[in-house]
Amino acid sequence: MSDHYGDVKGQLGQMKSLGEDAEKEEVDPEENMPVSSPSASPDPASCCITAAPGTDALSTNICKQKVKRSGRNPCGKPLQGFPAHAVKNISSPICERTLLIKGTGKILQGKSAESNGNYAAAHESSNTRETRCEDEFKLPMKGRPVTVDTSKAKTSLGAVKLSIKELQWKEFHTGRRPACDIYWHGVNFHDSYIMSGQVNKFPGMVEMLRKINLSRAVRTMQELFPEEYDFYPRSWILPEEYEQFTTEVREGDIVGSPTYIVKPDGGSQGDGIYLIRDPCDLKLVVGTQVKQVVVQEYIDKPLLIDKLKFDIRLYVLIKSMQPLEIYIAKEGLTRFCTEPYQEPSQKNLNRVFMHLTNYSLNVQNGNYVHSDNQNTGSKRTLSSVLYRLSAKGVDIKRVWSDIIALVIKSVIAVLPDLKVHYQANIPPTKPGPTCFQILGFDILLMKNLKPVLLEVNSNPSMRIGHEKEVSPGVFEYIRSPVDEQVKVGVIRDTLRLMDPFNKKLTATPQPRGGGSDPVELIPVDGDFQCSPDDTGNLPPLCLKQVYPKYTKQFCHLRLVERIATLFIRFLRVKGNLRLGPTAFRNFIRTCKLSNSNFTMASVDILYIDITRRWSFALADSREAGMGLQAFVEVFFNLAGRRFKSLALRERVVSLLNLCESRLGPQSDAEERRSLSCSRALPRGSRTPALYLPRPRPISAAVHRRATSQDCRPHQRPKPCTLRANVEN
């Protein structure tokens with residue numbers, strides 16, 4: 001052992017000389033230090049140690065933290081068995097390595113451990129320290145593949161597997177105990193409990209994109225910005241608004257005999273959808289249960305191709321909520337009906353293959369055409385349809401500009417509720433993943449080329465094939481080239497954007513100035529499609545960022561989000577979704593909204609009245625109190641009391657400015673809460689709060705006029721019960 005120790009001491013001398021040479025040449029050793037993977041054998045040229053005669057070969061393990069000159073190893077323990085001058089030399093940057101005995105994973109302890117008769121114990125304790133050091137300081141190494149957990153991927157597994165294969169990443173289809181970099185869930189954020197990494201679902205997204213909740217969110221924005229949100233059909237929520245619906249249909253000023261489409265709140269894949277022309281044809285009661293549905297005006301003049309009605313399935317990536325980042329896929333799908341279209345009449349209302357574009361419905365028709373050609377068949381690529389329209393003289397750039405605006409406005413409408421759900425499920429003081437999600441926008445083009453939003457799917461189908469009955473009772477799974485081309489590209493490039501090791505793709509771009517610029521248009525030339533290049537490398541991203549790139553054009557729409565920020569600020573209780581009576585009184589008192597005409601007793605009555613009318617929304621929850629939508633109604637009410645002479649939007653803006661000025665800047669704890677949905681973003685990438693306008697001071701005259709005014713409560717529809725969703 002003494003000879004061996006002498007050899008090691010000589011080797012440490014060589015290490016010292018190499019370190020001095022590096023300092024003389026003023027070279028950063030860390031830049032040129034070879035990095036090996038755990039499975040690869042060490043490069044002799046990169047190691048300062050050679051095997052001593054008569055001993056096991058020595059290997060090296062890259063230190064995850066610099067060895068301090070105080071003589072401590074990366075685990076913070078003193079280096080044992082080495083002279084003081086040798087320990088000092090180890091601190092040279094070029095020698096930031098820990099000696100291990102090859103095949104044992106044990107740190108070489110030197111003469112002192114053996115002389116004390118505790119050789120085995122010393123090796124055992126050092127091995128434990130080394131393992132703990134690896135766990136605590138393990139960082140991504142150059143060349144290590146990104147790990148993806150696909151154990152919950154469900155029906156999207158096929159497309160995810162192909163995407164991971166193209167990226168040459170590592171898949172764990174049954175999961176694993178160590179944390180993966182990315183988790184791909186099929187349906188819900190709560191498919192499994194995740195402590196770290198990134199997951200492809202946002203908490204609350206399934207609930208917020210149900211037909212009733214989406215209609216409520218868009219309706220709120222229509223009240224504030226009627227001209228901006230005219231892309232969503234007029235809607236009624238039944239049974240709460242049954243009387244209002246029947247009155248407007250029978251006594252309204254609607255010209256002709258319009259047709260209405262009825263959509264169950266929890267329906268998917270076209271299930272339960274039907275058309276009516278008379279409110280008497282509604283089917284609201286099934287057995288003893290009353291169904292909640294959304295009734296919308298039916299678009300009876302759609303754009304036709306080959307005399308067939310079609311819609312667009314566009315894939316949208318929400319990469320982050322704070323700051324908001326939205327990407328739109330340059331390629332999408334168009335889904336065609338299987339019977340020639342005719343304007344609705346009492347005779348053809350039941351012909352679903354003519355009126356409904358859902359794939360799951362039309363695939364059951366014998367006229368459905370499965371085609372390998374993206375230009376033909378009942379399912380085609382979006383680019384093929386746009387090229388065809390362009391050949392007829394349609395301004396495709398303007399169509400894309402309108403679609404971009406529709407997508408951004410729709411996301412802004414549901415964002416406030418999503419932020420409340422996020423802070424409740426992933427409080428800033430608890431560990432949790434970073435979230436992203438792919439949404440499926442169903443858009444219909446009218447005959448005048450105006451896009452109309454039909455619905456937004458939180459779990460768009462990512463199947464890349466279909467089943468074909470080859471013989472009675474025997475089905476064969478057949479790949480769909482059209483689905484594979486579009487869906488694999490979307491998933492692959494989503495993973496590329498979320499790659500934790502790719503700094504270029506994950507960096508947050510800065511918003512462009514000059515809000516008067518028109519929306520940049522997605523080109524329809526050669527780079528529109530996502531086809532591989534000739535070199536065999538990955539193709540350019542088929543996802544185009546549209547927000548925050550166009551922040552200046554749309555930031556004025558985020559008023560409800562500012563209301564949600566106030567709501568979250570007064571929640572106080574971590575994980576809470578609803579505001580209690582004490583917190584509501586605290587909000588009124590802190591913002592100084594009460595006066596002689598609106599006492600605290602009136603505040604309590606208002607709280608009880610609002611929460612009672614929204615109480616049935618808590619049927620599936622044990623939590624009581626005021627939710628965000630109810631708080632928005634109260635806020636509109638208070639704005640009317642204060643600023644009665646102004647229009648609704650100006651009322652809300654004035655009250656927001658008043659509350660924000662009286663609350664002042666948030667404390668550090670409150671700021672962490674409001675930024676909880678950006679927990680994993682580096683500090684430098686966080687942008688000013690929401691890109692929203694700063695509060696403006698309220699003049700004394702406005703204050704005096706506001707305190708003497710009152711108005712009737714702003715009436716809003718009652719909320720709906722939340723239920724589970726399925727893939728659509």
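**Exercise 1.** Determine which residues L314 is in contact with, leaving aside its neighbours within four places in sequence.

*Solution.* Contact means heavy atoms within 4.5 Å. The model is predicted: local features need pLDDT of at least 70, side-chain atom pairs count only at pLDDT 80 or more, and totals for chains, interfaces and linings use all residues. Residues are numbered from 1 along each chain as its sequence is written, and side-chain values use heavy atoms, without hydrogens and water. With those neighbours left aside, the contacts of L314 are I328, A329, L382, W400, I403, V407, L439, G440, F441 and I443.

**Exercise 2.** Find which members of the largest nonpolar core touch the most other members.

*Solution.* A nonpolar core is a set of buried Ala, Val, Leu, Ile, Met, Phe, Trp, Tyr and Cys residues joined through side-chain atoms within 4.5 Å; buried means under 20% relative accessible area (1.4 Å probe, protein chains only). The largest core has 110 residues, and L314, F441, F587 and F635 touch the most other members. Helix α13 (residues 396–425) supplies the largest share, 17 residues; helices are DSSP runs of H or I with at least four residues, numbered from the N terminus.

**Exercise 3.** Classify the ring pair of F567 and F631.

*Solution.* Rings of Phe, Tyr and Trp (its six-membered ring) pair if their centres lie within 6.5 Å; planes under 30 degrees apart count as stacked, over 60 as edge-to-face and the rest as tilted. The count is 14 aromatic pairs. For F567 and F631 the centres are 5.4 Å apart and the planes lie at 50°, so this pair is tilted. F567 belongs to helix α17 (residues 559–571) and F631 to helix α20 (residues 628–642), 64 residues apart. Both F567 and F631 are buried.

Notes: Helix = DSSP H or I, 4+ residues; strand = E, 2+ residues; numbered from the N terminus. Buried < 20%, exposed > 50% of the residue type's maximum accessible area, 1.4 Å probe, protein only.
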